[in-house]
Amino acid sequence: MASIQDISVSAVINLISAVVFLLAFAIVRLQPINDRVYFPKWYLKGIRPSPRSSGTFANKFVNLDFRTYIRFLNWMPAALKMPEQELIDHAGLDSAVYIRIYLLGLKIFVPITILSFAVLVPVNWTAGETLEHIEDLTFSNIDRLSISNVPSGSQRFWAHVMMAYVFTFWTFYILYKEYKTVSTMRLHFSENRRPDQFTVLVKNVPPDPDESVDEHVEHFFRVNHPDHYLSHQVVYNANKLAELVEKKKSFRNWLTYYQTKYERNPVKKPKIKTGFWGLWGKSVDAIDYYMTEIEKLSKEEAEEREKVISDPNAIVPAAFVSFKSRWGAAVCAQTQQSRNSTIWLTEWAPEPRDVYWDNLSIPYIQIAVRRLLMAVALFFLTFFFMIPIGFVQAFASIDGIKKVLPFLKSLIEMDVVKSFVQGFLPGIVLKIFLILLPMILMTMSKIEGFTSLSSLDRRSASKYHLFVIVNVFFGSIITGAAFQQLQRFLNQSPTEIPKTIGVTLPMKATFFITFIMVDGWAGIAAEILRLVPLVMFHIKNTFLVKTEHDREQAMDPGSLNFSVSEPRLQLYFLLGLVYSVVTPILLPFIIVFFAFAYMVFRHQIINVYDQKYESGASFWPDVNRRILIGLVISQLLLIGLLSTKDTAKSTPLLIVLIVLTIWFHKLCKGRFESVFVKCPLQDAVVKDTIERSTEPNFNLKEYLHNAYLHPVLKVVEFEVSKEFDEENNPLVATKRISQWSSKTVSNGTAEDGI
C-alpha cells in the first residue's frame with residue numbers, strides 16, 4: 001500500500017520527467033533543423049517557409065538568436081490563443097471537439113474537487129482511527145482521508161450520499177450543456193458543402209445476369225429515384241495498379257534526385273548500374289534510365305487502368321451514388337431500398353478521405369459471421385488479459401510482493417526501493433502492458449467489416465473502453481484487494497470477504513494516483529516532445545531523403561488517435577467519478593492531467609497533427625454515453641461499499657440515482673443523437689434552395705466527379721492530365737488531392753502558433 005512518502009517519490013520522479021521533456025521541447029523546437037518535426041501542419045498547408053532556406057550556414061542548423069530562448073515558454077499562451085471557430089477552419093471539427101473533452105473534464109471535476117475537499121475530506125479525517133482497529137488490515141495514512149476511515153453505522157455516511165446526489169446532478173448539467181453545444185457545432189459545420197452530403201454508399205449490390213454492376217446500379221436508381229439521382233461511381237479492385245503507382249512514384253523520386261545532382265555539378269552526368277539494388281550490371285545514364293522507365297510505367301498504368309475499368313471482374317458489388325440535392329441523398333440513406341433487407345444496403349457515404357476501401361465488398365452474411373467470431377475473440381482476450389493485470393497488482397504493494405515473492409523481502413524493505421516500487425513501478429508496468437493492445441483491437445475491427453476509418457476508430461475505442469473498465473479498473477481493484485489483504489482472505493470466513501473488499505476499494509486510489517502521474521503527467525509531456533518522430537525524421541533525412549517530396553513524407557505529422565486516446569480519457573472520467581465520493585484526494589491529480597493535456601493537445605492540433613479524415617464529431621454520442629456509464633459504475637460501487645458499512649437505509653436513495661442516470665441518458669439520446677446519425681430533411685431543402693439561388697452556375701456533377709473514385713485510379717487520371725508541374729518537377733497526385741475541405745489561415749496565425 002503506497003504511503004504519502006511513496007506518492008511523493010512518484011510525484012517527484014514524474015514531475016522531473018515532465019519538466020525535462022518540456023525543457024527539451026522548448027529548446028529543440030527552436031532549432032531550424034527540427035522545424036519540420038514540430039510544425040509539419042503549416043508545411044502541409046504550404047504557408048510556412050523553411051528557416052533553412054536563408055541565412056548563414058550555421059543558422060540553417062542551430063538557432064543563434066538567444067532572445068528566442070528567453071521566450072521558450074511562449075508556446076503555452078499561443079496554444080490557447082486561436083479562437084474555436086478559427087481552430088475548426090484550421091484543423092477540422094473532429095479536432096476542435098476532441099479537445100473539448102479535456103475542457104469538459106475541467107468543468108466537471110474542478111467544482112466537484114472543491115466541494116469534496118470542503119465537505120467530505122473533513123468528514124473522513126475527523127471520524128477517528130477506525131482503520132487501526134481492524135485486525136490484519138493493510139492501509140496507509142492516505143486512507144485516513146477516504147471513506148474507509150468512517151466507522152460502520154456512522155451518520156457521517158449521509159454526507160457521502162448527499163454529495164453523490166450533488167455530483168450527479170452537476171455532471172448531468174455539464175453534459176447536457178456540452179451535448180447541446182457540440183450538436184449545434186455539428187449542424188453549423190454541415191452547412192458547408194461537402195461531397196458526402198450528396199452521396200450514399202450502396203453495398204451488397206445483387207448480381208444480374210443481363211447487366212454489369214455499373215449498369216445495374218444506374219438502372220436501379222434511375223427507376224427508384226428518378227427525380228434525384230445524379231451519378232454514381234462503382235468500386236474497383238485495383239491492387240495491381242496500386243503496385244505500378246507506387247513503383248512509378250519511387251522512380252520519380254530517383255529522377256528528381258539525379259536531376260538535382262546534375263544541376264549542382266553539370267560537368268559529370270550521374271550514372272547507375274541496372275542490376276540488383278544498383279550494385280552490379282550495365283552502367284547507364286541515370287536521368288535517361290529513369291525517364292525511360294517512367295515512360296514505360298505510364299503506359300502500363302494507362303493500360304491497367306483501362307483494364308480495371310472495363311473488366312467486370314474488377315468491379316466489386318458496391319457503389320457511391322450521388323444525388324442532385326441533400327434532400328435526395330437523405331431520403332435514400334435513411335430508407336430501405338428493397339424488400340430483401342440484405343441487398344441494396346444504403347448508408348451515408350463517408351467523406352472521401354474517410355473511406356476504408358478494403359471492406360466495401362464484404363457480403364452481408366459474411367459480416368455477421370465475422371462480427372460473431374470477433375465478439376468471441378474479444379471475450380477471451382478480455383479474460384486472459386487479467387493475467388498481466390494481476391501481475392501488475394502483485395507489485396503494487398510491498399506486502400503483496402513479500403507474500404508472493406518472499407525471497408525479495410530484504411531488498412524491497414529498503415526505503416528507496418520501497419518508495420520506487422510502490423510509487424512508480426506499478427503505473428509504468430501497466431502502461432507497458434497496454435502498448436500492443438490498440439493494434440490488436442484495430443485489427444479485430446477491420447475484420448468486422450466497417451467501411452470507414454472513423455467507424456473503425458469508434459469500434460476500436462468501444463473495445464478499448466471495455467478493456468479499461470474490466471481489466472484496468474475492476475481488474476486492478478479486485479486483484480489488488482486480493483494481494484494486499486491476502487492474509488485476511490486466507491484466515492477469515494467466506495462471508496467476511498465482501499466486507500474486506502468493500503473496505504479496500506478506496507485504498508486502490510493510491511495505485512491509480514501513481515498511474516495518473518505516469519500516464520497523465522510525464523506521458524503527456526513526452527507527447528509534445530515527439531521524440532520518436534524526431535529521431536525517425538533525422539534518420540530518414542540523412543539516409544533516405546532524395547527529394548522535397550521525400551522530406552515532406554519524412555515529417556510524419558501524425559494525427560489524433562481517437563481509438564486509443566478517447567478510451568484513455570474515459571478512464572480518468574471513471575476514476576474521478578468513482579473516487580470523488582470515496583477518496584477525494586485523487587481528484588487534484590486528475591485536474592492537473594486535464595488542464596495540462598488540454599494545453600498540450602491544443603498546441604499539437606494547431607501545429608502538428610494532420611487528421612486523416614473528418615467525421616463531423618460523430619464520436620460525441622459515444623463520449624457522452626461512456627461518461628454516464630462511469631457515473632453508473634460509481635453509483636453501484638458506492639452502494640456496494642456502503643452495504644459493508646451497515647448503512648442499508650441509503651441503498652434505496654442511491655438506486656434512485658442510477659434510475660435518474662439511465663433516464664438522463666435516454667433524454668440525451670432522444671434529444672441530440674439523431675443530429676449525429678441523420679440529416680434533417682428541412683435543413684437539407686433550405687440549404688439546397690439557398691445554394692441554387694446564390695450559385696446558379698454551380699455544376700454539382702462536376703463538383704462530385706471522381707470524389708469517390710478509387711484513390712489509385714484518381715492518381716493515374718490526374719497524372720494523365722498533367723505529368724509535370726510548372727518547374728518541371730514530377731507531380732505526386734496524392735499530395736493534397738483529397739483535401740477539398742481544407743481552408744487556409746493567415747500567415748499571422750501561423751506565426752502565432754509558433
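This is a walk through one predicted protein model, from the whole chain down to single residue pairs.

Local features are described only where pLDDT is at least 70, and side-chain atom pairs only at pLDDT 80 or more, while totals for chains, interfaces and linings use all residues. Residues are numbered from 1 along each chain as its sequence is written, and side-chain values use heavy atoms, with hydrogens and water left out.

Start with the whole chain. The protein chain has 33 helices and 6 strands. Both are DSSP runs, numbered from the N terminus: helices are H or I with at least four residues, strands are E with at least two. Of the 754 residues in the protein chain, 52% are buried. Buried means under 20% relative accessible area, exposed means over 50%, and partly exposed lies in between (1.4 Å probe, protein chains only). The protein chain exposes about 34500 Å², and carbon and sulfur atoms supply 62% of that area. Accessible areas come from the Shrake-Rupley method with a 1.4 Å probe; for residues, only the protein chains shown count as cover. Contacts here are heavy atoms within 4.5 Å. Among contacts in the protein chain between residues at least 6 apart in sequence, 82% join residues at least 24 apart.

Now turn to the sheet. It is an open sheet of 4 strands, in the order S2-S5-S1-S6, with antiparallel pairing. Strands S2 and S6 (345-348) stand at the edges with a single partner strand each, so one side of each has no neighbour in the sheet. From one strand to the next, the twist averages 25°. Axes are lines fitted to C-alpha atoms, for helices over the stretch in contact, and angles run from 0 to 180 degrees between N-to-C directions. Two strands count as paired if DSSP finds at least two bridges between them.

Look next at strand S5. On one side, S5 runs antiparallel to strand S1 (residues 199-203), and 5 bridges join them. Here Val200 stands opposite Val321 in S5. S5 also pairs with strand S2 (residues 229-236), again in the antiparallel sense, over 7 bridges. Val316 in S5 is the bridge partner of Val235. Phe320 in S5 is the bridge partner of Gln233. Helix H9 packs on the sheet and touches S1, S2 and S5; its direction makes about 155° with that of S2.

Asn204 counts as buried, at 15% relative accessibility. Leaving aside residues up to four places away in sequence, Asn204 touches Pro317, Thr342, Ile343, Trp344, Leu345, Ile362, Pro363 and Tyr364.

Another enclosed element is helix H26. H26 (residues 562-582) has 21 residues and reaches 30 Å from its first C-alpha to its last, close to the 30 Å expected at 1.5 Å a residue. That expected span is 1.5 Å times one less than the number of residues. In H26, 19 of the 21 residues are buried, so the helix is largely enclosed by the rest of the structure.

Finally, consider the charged pairs. The structure holds 19 salt bridges. A salt bridge is a side-chain nitrogen of Lys or Arg within 4 Å of a carboxyl oxygen of Asp or Glu. One of them joins Asp35 and Arg48, at 2.8 Å from N to O. Asp35 lies in helix H2 (residues 35-38) and Arg48 in the loop between helix H3 (40-44) and helix H4 (67-70), so the pair ties together parts that are 13 residues apart in sequence. Asp35 is buried at 5% relative accessibility, and Arg48 is buried at 15%.

Glu84 and Arg100 form another salt bridge, with the closest N and O atoms 2.8 Å apart. Glu84 is in helix H6 (residues 84-91) and Arg100 in helix H7 (residues 93-125), 16 residues apart. Glu84 is partly exposed at 30% relative accessibility, whereas Arg100 is buried at 10%.

Glu178 forms a salt bridge with Lys107, with the closest N and O atoms 3.2 Å apart. Glu178 sits in helix H8 (residues 157-189) and Lys107 in helix H7, 71 residues apart. Glu178 is buried at 2% relative accessibility, whereas Lys107 is partly exposed at 32%. Glu84, Arg100, Lys107 and Glu178 are linked in a network of salt bridges.
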